[in-house]
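Subject: Handover of a structure for your study

Dear colleague,

Please find below the structure that I am handing over to you. My findings follow it, and I would ask you to read them with the structure open.

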Amino acid sequence: VNDSGHLMIRLTDDTLIDTGYVIGADGKDGRDGVDGRDGRDGADGRDGVDGSNGIDGKTPYIGDNGNWWIGEEDTGVKAKTTDFIFNDSGNGTLLLAYVGHDTDVVIPEKATRICEGAFMNNRVISTVEIPDNVTTINESAFENCTSLKEVILPEGLSALGANAFSNCDSLEKAYIPYSLITSEEWEQYTFAHCSSLEAITWGNAAGTVKPGYIPGYSFYECSNLDVDAIPAYIQYIFQYAFAKSGISGELSLTCILDRYAFAECKNITSVIITMYDSMSIRTGVFASCYNLERVEFVIPDVLTGGQYSSTSVVFQIGELAFSGCNKLDTIILPETATVVCEGKTYNVCWAIFSRAFSTTGFSEFTLPANIGHIEAGILDWCDNLKSVYIEATTPPLIVSDGINLFETCYNLEAIY
């Protein structure tokens with residue numbers, strides 16, 4: 001059928017015959033067929049097979065080179081940490097807070113001050129490296145850092161706030177620089193209640209030696225702390241500085257001792273006190289040092305200061321100074337007759353105040369020839385006391401407040 005609708009027949013001899021039209025006219029549209037019936041629902045498909053477990057991810061961390069690492073791979077990307085919060089939107093030098101979780105912390109070199117409470121109550125930090133640029137550590141900066149084991153305060157540190165390292169239960173060692181000891185800005189309670197603290201290393205004096213001091217309660221209740229000697233440049237130990245600490249054996253001191261400075265140090269057995277200032281022994285300095293057996297006083301040829309009249313320098317043993325030292329049975333008071341103070345020669349005079357040696361273990365007690373002042377009760381409740389020797393040729397001033405001098409010495413047999 002060609003394009004015109006004619007049927008064309010080709011014979012075997014290749015003759016083409018046109019037979020005319022073979023395509024009829026278009027028929028009419030048929031009627032719509034009847035709708036088919038709904039097919040049946042197909043059967044439910046089978047459950048799919050569980051997928052295999054995924055590979056564990058690797059937590060990124062900051063490597064020693066300061067880059068981000070994933071596993072053992074260095075990404076080469078420099079980390080920008082916010083563990084250290086500084087003032088001035090991070091551009092300042094005052095360290096306001098540490099918010100990291102490292103056990104070994106290196107404070108950035110730019111820090112000049114560690115502010116109040118910056119590390120307070122951090123239970124993770126074990127060591128901290130404080131840069132030499134830091135001159136001030138404020139109040140409670142490291143208080144209650146219960147895992148901190150060692151601290152080296154930087155040379156040049158000139159201010160340490162109250163409770164800066166108090167209650168650091170694991171702290172074992174501390175280095176305290178000369179610059180701090182002589183700064184007059186070392187505050188109280190800085191290492192109080194550090195029950196594991198065993199040793200202190202004191203900074204060496206440099207250049208012209210300045211007098212230093214240890215503030216009140218600095219090492220209060222450091223029950224394992226042992227100190228054999230205090231550096232000679234330390235001139236003053238304030239109240240309760242070493243009270244209830246673990247100091248043991250013999251202790252040598254060359255400074256003024258404020259009230260209760262070494263009270264209840266139960267392991268001290270012997271004390272040698274060089275009295276460069278006549279006001280050396282204050283109230284209760286060694287009270288209740290139960291194992292203290294021997295005390296020796298040394299008076300140098302030249303004093304640095306003290307209390308003196310026109311003719312005499314008065315060396316004082318304060319109220320309750322050795323009260324409760326149950327084993328104390330030996331005291332050596334030097335026979336030094338004169339000393340030089342501020343270029344002038346003075347006679348030596350001793351003053352012993354109320355209950356200075358109460359409840360001690362003396363069986364006999366000697367008051368020196370240069371005793372000038374005695375208060376009643378200096379030997380109260382000394383149950384072992386049998387003899388008292390008074391070497392003074394001039395009667396001392398006795399302050400009794402109506403109490404007999406040896407009223408509670410019930411076993412006293414003789415006074416010579």
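Which residue stands opposite V313 in strand 26? The residue is V348. I return to this pair below, after a few words on the whole chain.

Please note that this is a predicted model. The protein chain has 31 strands and one helix. Of its 416 residues, 44% count as buried. The chain exposes about 22600 Å², of which carbon and sulfur atoms supply 46%. Among contacts between residues at least 6 apart in sequence, 47% join residues at least 24 apart.

The surroundings of strand 26

Strands of a sheet pair through backbone hydrogen bonds, and they do so either parallel or antiparallel. Strand 26, residues 344-352, pairs in the parallel sense with strand 23, residues 312-317, over six bridges. Within this pairing V313 faces V348, as stated above. Strand 26 also pairs in the parallel sense with strand 28, residues 371-375, through three bridges, and here A351 stands opposite H373. With strand 25 the direction is antiparallel, and four bridges join strand 25 to strand 26. C341 is found opposite K344 of strand 26. The hairpin of strands 25 and 26 has two residues between the strands, and in it E342 takes a positive phi near 50°.

Strand 25, which covers residues 338-341, contains V339. Is V339 buried or exposed? V339 has a relative accessible area of 1%, and a residue counts as buried under 20%, so V339 is buried. V339 and V313 lie 26 residues apart along the chain, yet their C-alpha atoms are separated by 7.9 Å.

Four bridges pair strand 27 with strand 29, residues 387-390, in the parallel sense, and L367 stands opposite I390 in strand 29.

Rolling a probe the size of a water molecule over the atoms shows where empty space is left. The largest pocket holds about 250 Å³ of space. It is lined by 17 residues, and the closest to its centre are L333, E335, T366, P368 and E391. Strand 24 (330-332) and strand 27 (364-367) each supply at least two residues of this lining. By class, the lining has nine nonpolar, four polar and four charged residues.

The second largest pocket

The second largest pocket has a volume of about 160 Å³. Its lining is made of 15 residues, with A232, Q235, T254, Y276 and T304 the closest to the centre. This lining divides into eight nonpolar, five polar and two charged residues.

Five strands form an open sheet with mixed pairing, in the order 6-7-9-11-13. Strand 6 (84-86) and strand 13 (159-160) stand at the edges with a single partner strand each, so one side of each is left without a neighbour in the sheet. Inside this order, strand 7 (residues 94-98) and strand 9 (residues 113-114) run parallel and are joined by two bridges. L95 stands opposite I114 in strand 9.

Yours sincerely,
A colleague

Definitions and conventions
Residues numbered from 1 in each chain as written. Predicted model: local features only at pLDDT ≥ 70, side-chain atom pairs only at ≥ 80, totals over all residues. Heavy atoms only, no water. 1 Å grid on protein atoms, 1.4 Å probe; cavity = no way out; pocket = protein on both sides within 12 Å on 5 of 7 lines; lining within 4 Å. Points joined across faces, edges and corners; volume = space filled by probe spheres on them. Nonpolar A, V, L, I, M, F, W, Y, C, P; charged D, E, K, R; others polar. Pairing = 2+ DSSP bridges. Buried < 20%, exposed > 50% of the residue type's maximum accessible area, 1.4 Å probe, protein only. Contact = heavy atoms within 4.5 Å. Areas by Shrake-Rupley, 256 points an atom, 1.4 Å probe, with all protein chains shown as cover.
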